[in-house]
Amino acid sequence: MIRAKINGETKEFNDGISILEACQSLGIDIPTLCHDDRLKPSGHCRMCVVEVSGMARAAASCQTKLIDGMKIETHSPSIEKNRQANLKMLALNYPLEDYLLYPDKKFHELCQKYGLTDADFAQPEKKIDDSHVFIQVDMSRCIDCFSCVRICEELQGQFVWQVVDRGHETKILPDNFGKFGESSCVSCGACADVCPTGALEDKSILKKGVPTDWTKTVCPYCGTGCEMEVGTRNGEIVQIKPAKHTPVNNGHLCVKGRYGYEFAQSKDRITEPMIRQKDGSWKEVSWEEAFDFTVKELRRINEAYGKEAIGVLGSARATNEENYLAQKFARVCFETNNVDCCARVCHTPSAAALKMMLGTGAATNSFRDVEMAKTLMVCGSNPTENHPIVGAKIKQAVLKNGLNLIVIDPRKTELTKYAKIHLQHKAGTNIPLFNAIAYTIIEEGLTDDEFIKNRVEEFDEFWEFLGDYAPEKVAEICDVPAEKIREAARMYATQKPAMSVHGLGMTEHLQGTESVMSLVNMALITGNMGKRGTGVNPLRGQNNVQGSAQMGCDPGILTGSIAIEEGREHFEKVWQTAVPTAKGKSLLAMLDTAAKGTHKALWVIGYDVLLSQANTESTAKSFSEMELVIVQDLFMNQTAKHYAHVFFPAVSSFEKDGTFMNGERRVSLLRKVIEPKGNAKNDWEIICGLAKTYGKGEYFNFSSTEEIWNEIREVWQGAYGITYERIAEHGLQWGCPSTDHPGTEFLHQDTFTKSKTASLKRIKYRPTSETMDEEFPFRLTTGRNLYHFNAGTMTMRTDIVKIHPTDVLEISPFDAENLSLKNGEKVRLRSRYGEAVLPVHIVPKVKKGELFTTFHDAETKLNFITSKVRDRYVQAPEFKVTAVRVEKV
């Protein structure tokens with residue numbers, strides 16, 4: 001501790017802080033214009049200067065470290081006069097009109113506080129650039145604080161804003177030195193967020209006015225789980241800003257989180273319950289009528305075909321509480337374990353692999369471990385587009401910490417520019433590649449022998465098995481030079497701590513589950529497990545896909561990922577009713593048995609199965625055989641449009657309370673921002689209402705989401721310590737078994753979940769049956785891009801479509817030239833299963849013979865062409881490998 005006298009009072013402070021931080025801790029308000037806690041102090045604005053005894057001139061408090069014995073005056077007459085003079089100098093060329101129009105801007109507030117008058121301002125010519133979809137630029141209001149430049153560099157790592165010239169000639173321009181909308185901006189909005197004048201301003205504010213109320217909640221998009229402040233005016237969302245001082249995103253959002261909110265206010269929201277008539281039309285009905293009709297049909301089907309002919313699908317877009325009730329409804333009301341969710345088609349392979357090998361089917365570490373790692377291996381994931389806040393953390397870790405980055409991906413992604421090694425392997429060859437890395441680690445003596453001795457089983461058998469996977473033997477299979485494989489192995493094994501993150505490029509394969517197992521093998525033999533900056537970490541795709549499965553929306557597990565037989569006694573005690581004994585069916589199994597005529601009813605909550613499931617033709621056949629399809633959603637999605645018999649209108653995440661669980665096991669509080677539209681209801685209210693009509697209301701007698709969460713805590717010991725009160729400020733990570741437990745940031749420190757040791761898995765390479773030939777010579781991989789989210793249900797209803805209007809087919813310059821294709825030209829993409837038409841985008845980031853596209857636009861109907869191949873363990877579809885041909889339209 002150090003002592004300093006500030007404004008005549010001597011206080012004690014922690015060593016190493018700045019004068020500004022010391023003053024803020026005392027509640028002393030020192031004015032700033034360029035300071036932001038997210039940025040390194042710069043002192044550009046000179047507003048935070050203070051007098052320090054013994055110093056010849058005033059010191060910028062943000063940059064000056066507090067030293068023991070300092071004597072400081074923060075608001076002396078000379079300092080206040082200095083601040084007023086600075087403001088007057090900045091006002092000389094500043095537009096009076098904007099100063100008067102927007103009094104809440106930081107610069108304007110200080111001008112008012114320090115007594116500036118209208119005469120201190122000017123009437124300069126406007127310098128408006130309106131080319132950006134979301135941000136208006138008016139450089140007549142720029143005061144050269146450089147905050148936009150710094151935050152784009154230090155937080156986003158994009159370097160869009162550039163400082164040109166010096167002194168009075170200084171200009172701030174986008175990196176293309178032209179229109180901002182044509183720059184490399186990724187629309188994170190950080191520059192507008194930090195601008196103290198409105199030189200950079202969200203257009204929504206200019207159109208709808210400044211927010212009058214703010215509510216903290218959680219982003220509805222990817223599994224990063226960013227916290228956000230949502231601004232409303234007249235009951236409508238008009239602006240979103242990132243929540244500061246939060247453990248996940250710490251004052252940062254991506255384009256979707258910041259600007260992708262308009263879907264909640266879309267005019268095509270369904271807001272009344274509906275029943276399809278015999279002529280195919282929809283009829284709006286009351287909730288009572290909808291529930292009565294649904295229950296009557298469910299009972300008819302139960303009597304005719306049995307309870308195993310009925311199933312429920314939870315939702316990654318619903319809260320933990322709502323998914324908990326969905327699986328409870330299936331088991332208590334329908335008396336079946338036929339319950340699943342969209343995790344089945346994305347990261348169930350991750351959960352299965354991690355649970356089989358380590359005992360817990362979730363990320364071993366936290367997002368912030370990226371900053372603690374010396375090496376990071378990014379496998380089958382494109383974080384800067386699909387998990388942009390995590391992607392930005394990775395870029396900053398490279399730039400600031402010298403992180404050794406290894407990217408394993410068939411495409412060149414943005415992160416490959418930052419990577420020391422890029423293994424651009426052939427899609428579908430994850431197993432031989434990771435086996436070869438493991439082979440190299442053992443052959444070259446790079447293992448952690450102490451960790452293996454104490455924590456690992458079957459090492460000798462594993463090493464013997466790897467004999468067929470030397471890099472030199474698999475290089476041709478993987479299309480990666482053997483020496484590059486060895487180089488990656490050495491870096492991962494020696495530059496520790498080393499961490500891996502992975503995405504759907506690992507899991508959506510024939511051997512998806514086994515691919516994740518191979519990552520666990522590598523972590524175990526190198527001792528990169530149970531420590532900070534290590535582990536195996538799936539980057540979960542949707543906002544609550546981790547939570548939906550963890551709540552028990554899976555045919556084989558109960559809440560807390562507890563096996564049914566293991567948890568039966570406790571759950572029956574809490575629920576006061578029996579848990580079904582018959583084996584449940586997964587989503588894929590329900591679709592398969594529907595196609596055979598034995599599965600007859602499906603309740604689909606917040607999930608467009610028809611659009612997003614692989615091989616649309618077979619999915620459509622399954623739905624066509626069902627006698628009752630209940631869709632619960634915001635919009636008339638493709639599943640509802642073509643096959644639903646009943647539609648339950650649900651509310652968006654902005655219209656509800658509850659919790660979400662992100663990809664690092666963090667449970668965060670969701671708060672209602674706006675009122676529900678029309679007669680739409682919370683998912684939990686719908687479930688409870690249908691349960692009451694079904695005659696099981698006593699098991700669903702809840703009046704709030706907190707009541708539901710408290711029952712979850714009762715059945716799942718690992719979350720018992722997470723209460724609404726404890727997560728009011730920020731979320732907590734399970735395991736958290738007691739109310740004084742801080743949450744678990746990383747797993748498996750001293751022991752694995754079930755035992756002290758884990759066994760290595762010997763994984764044989766099994767090539768996919770989806771092979772290229774003369775008729776279908778190209779290998780297609782599908783995925784997401786920065787601007788849209790999954791099936792586009794939300795983002796395609798926002799102005800984001802002005803940036804990225806539809807899906808495009810990425811093709812290499814070599815292949816485009818051979819096919820005589822031009823950028824933007826539409827082509828027919830044909831596979832063994834169907835066809836889709838979309839424009840081409842010629843880029844060098846895909847290799848010769850490889851193609852990439854997204855599945856965001858329902859009009860593209862991309863999944864008509866994806867294959868029928870599934871993961872060997874959990875049946876997740878192989879979205880990442882489809883043999884296709886490209887034809888001119």
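Y99 and F121 are both buried (under 20% relative accessible area, with exposed over 50% and partly exposed in between, for a 1.4 Å probe and protein chains only). The model is predicted: local features need pLDDT of at least 70, side-chain atom pairs count only at pLDDT 80 or more, and totals for chains, interfaces and linings use all residues. Residues are numbered from 1 along each chain as its sequence is written, and side-chain values use heavy atoms, leaving out hydrogens and water.

**Exercise 1.** Classify the ring pair of Y99 and F121.

*Solution.*
- Take the cut-offs. Rings of Phe, Tyr and Trp (its six-membered ring) pair if their centres lie within 6.5 Å; planes under 30 degrees apart are stacked, over 60 edge-to-face, the rest tilted.
- Read the values. The centres of Y99 and F121 are 4.1 Å apart and the planes stand at 15 degrees, so the pair is stacked.

**Exercise 2.** Classify the ring pair of F329 and F334, then decide whether each residue is buried or exposed.

*Solution.*
- The centres of F329 and F334 lie 5.0 Å apart with planes at 85 degrees, so this pair is edge-to-face.
- F329 has a relative accessible area of 0%, so F329 is buried.
- F334 is at 1%, so F334 is buried.
- Now widen the view. F329 and F334 belong to a cluster linked by ring pairs, which also includes W287 and F291.

**Exercise 3.** Find which residues of helix 9 meet helix 27.

*Solution.*
- Apply the contact rule: heavy atoms within 4.5 Å.
- In helix 9, W287, F291, D292, T294, V295 and R299 qualify.
- Their partners in helix 27 are I686, G689, L690 and T693.

How values were computed. Helix = DSSP H or I, 4+ residues; strand = E, 2+ residues; numbered from the N terminus.
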